[in-house]
Amino acid sequence: MNGENKQLTKTNPFMPETARIVRTYHLTEDVKFFQVRIVEMDKALSFKYRPGQFAMISVLGAGEAPFSISSTPSRPGLLEFCIRKAGTVTNALFRMKENDLVGFRGPYGNGFPLEKMKDKDILITVGGLGVAPLRSVLLYCLDNRDQFRRVSLLHGAKRPAEMIFREEFFALKQREDLECHLAVDEDDTGTWTENIGVVTTLFLKLKEIDIANTFALICGPPVMYKFVIKELVKLNIPKDQILMTLERRMKCGVGKCGHCAIDYVYTCLDGPVFTYWDVIHMRELI
Amino acid sequence: MRITKLKKDNLFPFLEIISEEADLWVPVKKEDKHVFKVVDDFSEIEMNSTRTILPPRKIFLPPNFNMFSVSEKGYKEDFSHVTKKILFGVHPCDIHGLIILDNFNKQAYLDSYYLEARKNTLILGLSCWPDEYCFAKSSNTHVIEEGYDLFFTNLEDFFLVWIGSSQGDDLIRLKPELFDEELKNKDIQTYINWQAERNNAYKWNINFAALPDLMELKYKDPLWERLGDACLACGSCSNVCPTCNCYNIMDKQCLGGKDGKIMRHWDACTLKEYSEVAGGENFREKRADRLKLWYTHKLQAYISKYGKPSCVGCGRCIATCPVDINVRTVGKALIGEEVDAFWARINKEVTK
Ligand SMILES: Cc1cc2nc3c(=O)[nH]c(=O)nc-3n(C[C@H](O)[C@H](O)[C@H](O)COP(=O)(O)OP(=O)(O)OC[C@H]3O[C@@H](n4cnc5c(N)ncnc54)[C@H](O)[C@@H]3O)c2cc1C
Ligand code: SF4
Ligand code: SF4
Ligand code: FES
């Protein structure tokens, strides 16, 4: 029966594509940026995804792990990731150089509901590595600026050196069609010109919010959700317009291995983007 | 569906012939329990077997197998676990379990490792008689109308054989003269009597319809903490349950080389490492929370989605859990029956 195996390839959802690392550099001490391209050119160009989706990246011998796609589908061809060193797979990725090959499969998950977000105000709050999925949405909104109304970004990091995509966001501050507020918990450089304080203090900086027409997107470390949601609920933003991405352990990404299950839902299929309304109804969430 | 008749004397000759087509797995005795096995001598077959220790999925989808061989050249799929198999002696509840897994593995993304193996496995069902653990009648999984290639109902000196698929029909055609299409009225009456008697043989039942609400209402009940204190987090309940599907994927590197394998093996949500994420954060640190997930899946989630539980009443968790946490005790505790006796038992286990 082994001889027949070839024809299965196309239907095997676990079979990775080969992708080449075309660029990689440190964003912070323990977070690296990876730009990859699927080796087969037509696949690279026809690869479709939506902001908020993730991919499984694998390193031969080390294993496979889920990572949010950080680039935007409005700039096809290259896929970008920011990856924190956490264990076996991520360590192996950190050792890889430009031109090295990785396994790649995806995109997986639901992603952000862009159709619903159209013609609405977009308020993005990120902390730490939460930029990974939200940068994708942000760039998508900026690339399709006429499809959205106000776009604002609140971005917090512990210290200036830990702010991921610091330069990119500083540059974005110059744009007049984006309201961008950056904060660090503490400034150990003495040269920080932006806000000091936790990310929730940035809510005070926002101009008046059109509550009914605002989608608030959150991603960050678990502790951040609690505080940010409290602010958003205080502002009266409808619970089904508060969107967050959740992290769970994932082994397959395709709704089979069970690891990402929360109550009834499989985070890899039904998530990782959930509304606050969903979250209230799931007993095990945050 | 066509039904034919096979005299008991003709069973072994029939099995002899079909065993030339594929590996034939049959139920045999192992100490006081039963397992599926490939045998040379059909007299080893236990026609009146109770539940096998492990469910049928273990035969076609091994607990541990290679998904890919990896080398510098890349990934090479490995489907060597897919071989032609015939499983004889699968009970109705287990066939229901297979249907649940089949549907699950066809949903959204097709799991080719499961589906290819399943496609190459013929299911020859066999009727059974309930013992003290069985409660398949509660979930209406004590009878079966689909999901098998042949189904043998074990009556006096003959079997009634339901032909459930064209592959099942092909098996019969290998030697049609062993079968007897002509059913006598007497045979039919024997079947009717047998069925009535069997229906009455179930010793206990559980009200599945009440459980989704009770899971919700008692989600914060201290009963879960008490169960959690008793649970050994051994994962046995998941290993034996015919509707558990969870697995883990691990890279295995060959010593010294670049070559390796990507292995898939069974996992269990009752194990601690199951839900751990980067940074050591664990969303289900507590055993109580992991048991809640298990029982949410068996007693609540599937019922809400498909109108029936993902428990098929096989009784394996009852026969297996070393500390008596199982669908029966948990179900009864949720309903509020037999609670004291249950806690007395559980507490005895804890202090042991
Ligand atoms: C939808 C989603 C999107 C993600 N996006 C990003 C991202 O953009 N950038 C990023 O750096 N990280 C992201 N992660 C987390 C990333 O998957 C983990 O850091 C990675 O799996 C760790 O793998 P490892 O082999 O390096 O660590 P391991 O050696 O496996 O273990 C290190 C720690 O990570 C835990 N872990 C193992 N497997 C997983 C897993 N599949 N998911 C989560 N934790 C796990 C282990 O329990 C252990 O505590 C995302 C996770 C999910 C679920
Ligand atoms: S929960 Fe228990 S009785 Fe129900 S199918 Fe699983 S092992 Fe069998
Ligand atoms: S419930 Fe029983 S079988 Fe399951 S993990 Fe706990 S002790 Fe083991
Ligand atoms: S990651 Fe396997 S089911 Fe979601």
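Guide: Let us begin with A:R150, which has a relative accessible area of 29% and so counts as partly exposed, a class that lies between buried, under 20%, and exposed, over 50%, as judged with a 1.4 Å probe on the protein chains only. Please keep in mind that this is a predicted model, in which local features need pLDDT of at least 70 and side-chain atom pairs count only at pLDDT 80 or more, while totals for chains, interfaces and linings use all residues. Residues are numbered from 1 along each chain as its sequence is written, chains are lettered from A and ligands numbered from 1 in the order in which they are written, and side-chain values use heavy atoms, with hydrogens and water left out.

A:R150 sits in the loop between α4 (131-143) and β8 (151-157) of chain A, whereas A:E179 belongs to strand β9 (residues 179-184), so the pair ties together parts that are 29 residues apart in sequence. The element names follow DSSP runs, helices being H or I of at least four residues and strands E of at least two, numbered from the N terminus.

Elsewhere in chain A, a salt bridge joins A:E17 to A:K43, with 3.4 Å between the closest N and O atoms. A:E17 is part of strand β1 (residues 17-26) and A:K43 part of helix α1 (residues 41-46), so this pair links parts that are 26 residues apart in sequence. A:E17 is partly exposed at 26% relative accessibility, and A:K43 is partly exposed as well, at 31%. Chain A also holds a network of salt bridges, in which A:R159, A:E162, A:E186 and A:D188 are linked.

B:D169 is buried at 12% relative accessibility, but B:R173 is exposed at 55%. Over all chains, the count by this rule comes to 29 salt bridges.

Moving on to where the chains meet, 50 residues of chain B are in contact with 42 residues of chain A, contact meaning heavy atoms within 4.5 Å. Chain B and chain A bury about 4000 Å² between them, 56% of it on carbon and sulfur atoms; this is the accessible area (1.4 Å probe) that the two lose on being put together, summed over both. The salt bridges between chain B and chain A number 0. On the side of chain B that touches chain A, the elements that each supply at least two residues include β4 (64-71), α3 (92-106), β11 (247-253) and α10 (287-306), and α10 of chain B gives the most, with 7 residues. The residues of that side divide into 22 nonpolar, 15 polar and 13 charged, where Ala, Val, Leu, Ile, Met, Phe, Trp, Tyr, Cys and Pro count as nonpolar, Asp, Glu, Lys and Arg as charged, and the others, Gly among them, as polar.

Within strand β11 of chain B lies B:N248, a residue that is buried at 8% relative accessible area. Leaving aside residues up to four places away in sequence, B:N248 touches A:K251 and A:H259 as well as B:M263, B:R264, B:H265 and B:D267.

Two ligands complete the view. Ligand 2 is surrounded by 13 residues, the closest being B:C241, B:C311, B:C314, B:C317 and B:V327, and a residue counts as near when one of its heavy atoms lies within 4 Å. The elements giving two or more residues to this shell are α10 and α11 (316-320) of chain B, and the shell around ligand 2 divides into 9 nonpolar, 2 polar and 2 charged residues. Around ligand 3 there are 13 residues, with B:C231, B:L232, B:C234, B:C237 and B:C321 the closest, and here the division is 10 nonpolar, 3 polar and no charged.

Technical notes
Salt bridge = Lys/Arg side-chain N within 4 Å of Asp/Glu carboxyl O.
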